[in-house]
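User: Please take a close look at a single part of this model. Describe that part, then place it in its surroundings.

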Amino acid sequence: MMTPPSGTERLSLAVAGLDAPVAVRRSARARRLSLRVDPRTGGATLVAPPQVPAEDLRRFVSRHRDWLTERLAAVPGRLPFADGAVIPFLGEPHCIRHVPQQERPVLRQDGELRVSGRSDHLARRVADFLKAEAARRLSALAHDKAARLGLRPARIAVRDTRSRWGSCSGTGRLNFSWRLILAPEPVVDYVVAHEVAHLKEMNHSPRFWRLVAQLTPAMEEGRAWLRSHGAALHRYGPGRGDGHAG
Ligand SMILES: [Zn+2]
């Protein structure tokens with residue numbers, strides 16, 4: 001889940017006229033070169049058959065520089081956690097405010113996230129707060145829903161997953177993306193119900209979906225919301241490659 005797709009080389013192409021390097025992924029199944037831009041992150045990837053020499057890759061990217069530049073410009077900008085930024089918390093807009101003298105690290109009140117301490121620690125404090133809130137709420141919901149099935153999750157963890165909102169392992173471990181705390185409550189409820197239902201049904205059969213519907217009133221609403229707004233949740237806070245700076 002967190003590992004890059006197999007065959008991704010650490011090699012990246014710096015191409016004149018482009019701000020960001022292009023990652024190269026070698027694929028035995030690729031018949032030709034193809035360029036992709038991830039609409040969530042603005043990352044560009046070149047998929048190439050194994051034998052194509054690096055020089056050809058560079059030439060290919062150069063030739064498609066205009067197309068690439070256009071695509072990269074169309075990716076909505078990131079919204080870092082900063083003083084004055086507005087981010088959703090359970091779907092409700094909250095303004096981040098730097099309050100240096102405040103006692104608690106982060107206080108959520110009246111549509112604000114008030115953050116104390118040094119300004120260069122602000123982004124990290126907001127991220128820590130959101131992750132802790134996500135862990136607390138998702139874990140309580142998951143235990144509650146699992147209990148309705150007479151089950152107990154083996155472990156519940158919150159991570160910065162890119163490709164999925166949640167997952168359930170064969171041994172009953174549940175993982176969730178901390179970014180779910182940004183989504184409206186019915187969406188959170190649906191994702192938890194989905195993964196908890198996998199504790200009983202490790203498939204997406206009609207029986208599985210009936211079970212999800214028993215565990216949440218928001219199945220259709222949650223699925224529809226994630227389809228149309230899910231990707232936008234990746235705009236907030238630290239992006240790929242930002243690591244834990246700040
Ligand atoms: Zn599933």
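**Helix H4 and its surroundings**

Helix H4 covers residues 185–198, 14 residues in total. From first C-alpha to last it reaches 20 Å, close to the 20 Å expected at 1.5 Å a residue. That expected span is 1.5 Å times one less than the number of residues. Helices (H or I, at least four residues) and strands (E, at least two) are DSSP runs, numbered from the N terminus.

The model is predicted: local features need pLDDT of at least 70, side-chain atom pairs count only at pLDDT 80 or more, and totals for chains, interfaces and linings use all residues. Residue numbers start from 1 along each chain as its sequence is written.

H4 is mostly covered, with twelve of its 14 residues buried. Buried means 20 or more other C-beta atoms within 10 Å of a residue's own; exposed means 12 or fewer, partly exposed is in between, and C-beta atoms are placed from the backbone. The buried residues of H4 include Val187, Asp189, Tyr190, His194, Glu195 and His198. Across the chain of 246 residues, 27% count as buried.

What covers H4? The cover of its buried residues includes helix H3 (122–148), strand E10 (166–168), strand E11 (173–177), helix H5 (206–215) and helix H6 (219–229).

Take H6. The axes of H4 and H6 come within 8 Å and cross at roughly 105°. Axes are lines fitted to C-alpha atoms, for helices over the stretch in contact; angles run from 0 to 180 degrees between N-to-C directions. H4 and H6 are therefore roughly perpendicular to each other. The classes are under 35 degrees for roughly parallel, over 145 for roughly antiparallel, 65 to 115 for roughly perpendicular, and oblique for the rest. On the H4 side, Pro186, Val187, Asp189, Tyr190 and Val191 make the contact. On the H6 side, the residues are Met219, Glu221, Gly222, Arg223, Trp225 and Leu226. Contact requires C-beta atoms, placed from the backbone, within 7 Å.

A nonpolar core is a set of buried Ala, Val, Leu, Ile, Met, Phe, Trp, Tyr and Cys residues joined through C-beta atoms within 7 Å. The largest one has 41 residues, and Val126, Leu138 and Leu180 have the most contacts inside it. Two or more residues each come from strand E8 (112–115), H3, strand E9 (155–159), E11, H4 and H5. H3 gives the most, ten residues. Leucine 180 is in contact with Val188 and Val191, and with Ala134, Leu138 and Trp165, leaving aside neighbours within four places in sequence. Apart from this core lies another, of seven residues, among them Leu46, Ala48, Val61 and Leu68.

H3, part of the cover of H4, leads on to a sheet. Four strands form that open sheet in the order E5-E6-E8-E7, with mixed pairing. Pairing takes at least two DSSP bridges between two strands. Strand E5 (86–89) and strand E7 (106–109) are the edges, each pairing on one side only. Neighbouring strands are turned by 30° against each other on average, direction ignored. E7 and E8 pair in the antiparallel sense over four bridges. Arginine 108 has leucine 113 of E8 as its bridge partner. H3 packs on this sheet, touching strand E6 (92–98), E7 and E8. The direction of H3 makes about 125° with that of E8.

Conventions. Contact = placed C-beta atoms within 7 Å.
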